[in-house]
Amino acid sequence: HSFCTLLTTIAMTTKSRQQARERPAATGIIAGFNKGHKTTKRSRPVMRKARLALPHKRLRAVKAIISEVVGLSPMEKRVIEMLRVGKEKRALKLCNKRLGNIRVAKKKRARMEDLIRQQVQKKK
């Protein structure tokens, strides 16, 4: 139940991809930023793959239920132990090595820190 609430609190949207970006108009000057002939710029349409970044309530609920039933993976248990001891950097390095991406590794470490925080609050 606690992990389910944790997943619902995490926002999974990236607004910049969902909205068409306004491009600055050309200045009519031969050099510099926005150089070139003055034309009316049309905004680019939103890419279809940007839909993937939208929040999926059902998917998040399914993941939460699975994680509740299955529990933590051995790597996650190890990361939690490292964080309890106070080795944040080592935990991040382990996540980075196993997951292959620093951004995903930081997210994983943050989730584990939140999980520890929730366990402490539950005990009180």
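A residue counts as buried when its relative accessible area is under 20%, and as exposed when that area is over 50%. The legends below describe a predicted model.

View 1. Read from the N terminus, the order of elements is α-α-α-α-α-α. Of the 124 residues in the protein, 19% are buried.

**View 2. Helix H6 covers residues 102-123.** With 22 residues at 1.5 Å a residue, H6 should span 32 Å.

**View 3. H6 has a buried side and a side turned away from it.** Ala-105, Lys-108, Arg-109, Met-112, Leu-115 and Ile-116 are the buried residues of H6. Looking down the helix axis, these residues fall within an arc of 115°, and therefore they line one face of H6. An α-helix has 3.6 residues a turn, so residues three or four places apart point the same way. The face turned away from the buried side carries the exposed residues Arg-103, Lys-107, Gln-121 and Lys-122.

**View 4. Asn-101 caps the N-terminal end of H6.** A side-chain oxygen of Asn-101 lies 3.2 Å from the backbone nitrogen of Arg-103.

**View 5. Helix H4 packs with helix H5.** H4 consists of residues 74-85 and H5 of residues 88-99. Their axes are 8 Å apart and form an angle of about 160°. Because angles over 145 degrees count as roughly antiparallel, H4 is roughly antiparallel to H5. The crossing of H4 past H5 is left-handed.

Technical notes:
Residues are numbered from 1 along each chain as its sequence is written. This is a predicted model: local features need pLDDT of at least 70, side-chain atom pairs count only at pLDDT 80 or more; totals for chains, interfaces and linings use all residues. Side-chain values use heavy atoms; hydrogens and water are left out. Helices (H or I, at least four residues) and strands (E, at least two) are DSSP runs, numbered from the N terminus. The expected span of a helix is 1.5 Å times one less than its number of residues. Buried means under 20% relative accessible area, exposed over 50%, partly exposed in between (1.4 Å probe, protein chains only). The arc is that of the directions from the helix axis to the C-beta atoms. A polar contact is a pair of N or O atoms within 3.5 Å; within protein, one must be able to donate a hydrogen and the other to accept it, and residues adjacent in sequence count only if both atoms are side-chain atoms. Axes are lines fitted to C-alpha atoms, for helices over the stretch in contact, and angles run from 0 to 180 degrees between N-to-C directions. Angles under 35 degrees count as roughly parallel, over 145 as roughly antiparallel, 65 to 115 as roughly perpendicular and the rest as oblique. A crossing is left-handed if the near helix is turned anticlockwise from the far one by less than a right angle, and right-handed if clockwise.
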